[in-house]
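Visitor: I would like to learn how to read a model like this one, feature by feature. Where do we begin?

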Amino acid sequence: MHIRQVPFDHPDAVKLNDQVQAEYHVRYGDGGDATTLAPEDFQPPNGVFLIAYDETDAPVATGGWRARDANGEGNLDGDAELKRMYVVDAARGRGLARRILAALEEDARMAGRSRMVLETGNKQPEAIALYTSSGYEPCVKFGYYRFHEDSRCFAKPLRGHRS
C-alpha cells in the first residue's frame, strides 16, 4: 500500500467519495453527507487529501483535512477538520484508516493547526472506535450536523504544532 496526495476533485477521489456517500445513505437514509466541500478546501497549506492505493494501483482508502477557524458552526481557531475518511470493503481490517489518519494529523500539525476535529455519526461504530482508540475525545458539536441527534463530534490536540 502507498499513500498519495491528490486534489479533492481527482477522478479516484471522486469515485471513492461517491462510494462513501452511498454508504452514508445506507446507514442514515439521508442521501449522504450534505456538508459543503470544495476542492480548494483541501489545497495545501490549508488542507490536504490523501488516497491509499493497493499493490495493483487501485484506490482503496481516502481521507482529508481542511483548515477551519472560529465560525458560527462551532469551530475554534486552529481547527483542522477531518473529512471523507473511507476504506473500501475489500481493504478493511488492514490498518489503512489508521495510517491515513496518522498522515493527516502530521500534515495538519506541520501546517500549524492546533486541533484535529471530526464529526461522525452513531451509526458508524467502527469509525468511533478508530477515533477513540487514536486519542480523540468527545467535544462540543460543530459543523453542518451539530444539531442532529445522531451526530458525534470528537477532537484531538495536535501536540507540538507550529504557530
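Guide: Begin with burial: a residue counts as buried when its relative accessible area is under 20%, exposed when over 50%, and partly exposed in between. Keep in mind that this is a predicted model.

Visitor: Which residues of helix H3 are buried?

Guide: Helix H3 covers residues 125–133, and Ala 127, Leu 130 and Tyr 131 are buried in it. Viewed down the axis of H3, the buried residues lie within an arc of 90°, so they line one face of the helix.

Visitor: What do the buried residues of H3 pack against?

Guide: They pack against E4, helix H2 (96–110) and strand E5 (115–121). Just after H3 comes Gly 135, with a positive phi of about 95°.

Visitor: How should I read a positive phi?

Guide: Most residues other than glycine have a negative phi, and most peptide bonds are trans.

Visitor: Where is Asp 57, and is it buried or partly exposed?

Guide: Asp 57 sits in the loop between E2 and E3. Its phi is near 70°, a positive value in a residue other than glycine. With a relative accessibility of 40%, Asp 57 counts as partly exposed.

Visitor: And what is the phi of Arg 84?

Guide: Arg 84 is not a glycine either, yet its phi is positive, at about 55°. Arg 84 belongs to strand E4, and its relative accessibility of 5% makes it buried.

Visitor: You also mentioned peptide bonds. Which peptide bond is cis?

Guide: The bond from Pro 44 to Pro 45 is cis, with omega near 5°. Pro 45 is placed in the loop between helix H1 (11–28) and strand E2 (47–53).

Visitor: Let us turn to aromatic rings. What describes a pair of them?

Guide: A pair of aromatic rings is described by the distance of the centres and the angle of the planes. This structure holds 5 aromatic pairs. In one of them, Phe 42 and Phe 49, the ring centres are 5.6 Å apart and the planes stand at 75°, so the pair is edge-to-face. Phe 42 is buried, with a relative accessible area of 3%, and Phe 49 is buried as well, at 1%.

Visitor: What are the distance and the angle for Tyr 131 and Tyr 136?

Guide: The ring centres of Tyr 131 and Tyr 136 are 5.7 Å apart and the planes are at 65°, so this pair is edge-to-face. Both Tyr 131 and Tyr 136 are buried; Tyr 131 is one of the buried residues of H3.

Visitor: Which residues form an aromatic cluster?

Guide: Phe 8, Phe 42 and Phe 49 form one. A ring can also have a charge over its face: Arg 4 lies over the face of Tyr 53, at 4.0 Å from the ring centre.

Visitor: Which side chains have polar contacts with that of Asn 75?

Guide: The side chain of Asn 75 has a polar contact of 3.1 Å with that of Asn 71 and another of 3.3 Å with that of Asp 79. Setting aside residues up to four places away in sequence, Asn 75 touches Arg 68, Asp 69, Ala 70, Val 117 and Phe 142.

Visitor: Where is Arg 68, and what does it contact?

Guide: Arg 68 is in strand E3. Beyond its neighbours within four places in sequence, its contacts include Asn 75, Asp 79, Glu 81 and Arg 113. Arg 68 and Arg 113 are 45 residues apart in sequence, while their C-alpha atoms are 9.0 Å apart in space.

Visitor: Last, cysteines. What is a disulfide, and how many are found?

Guide: A disulfide is a covalent bond between the sulfur atoms of two cysteines. A search of the whole structure finds 0 disulfides.

Notes. Residues numbered from 1 in each chain as written. Predicted model: local features only at pLDDT ≥ 70, side-chain atom pairs only at ≥ 80, totals over all residues. Heavy atoms only, no water. Disulfide = S-S within 2.5 Å. Polar contact = N/O pair within 3.5 Å; in protein donor to acceptor, adjacent residues only side chain to side chain. Contact = heavy atoms within 4.5 Å. Helix = DSSP H or I, 4+ residues; strand = E, 2+ residues; numbered from the N terminus. Buried < 20%, exposed > 50% of the residue type's maximum accessible area, 1.4 Å probe, protein only. Phe/Tyr/Trp six-rings, centres within 6.5 Å; stacked < 30°, edge-to-face > 60°. Lys NZ or Arg CZ within 6 Å of the ring centre and 35° of its normal. Arc of directions from axis to C-beta.
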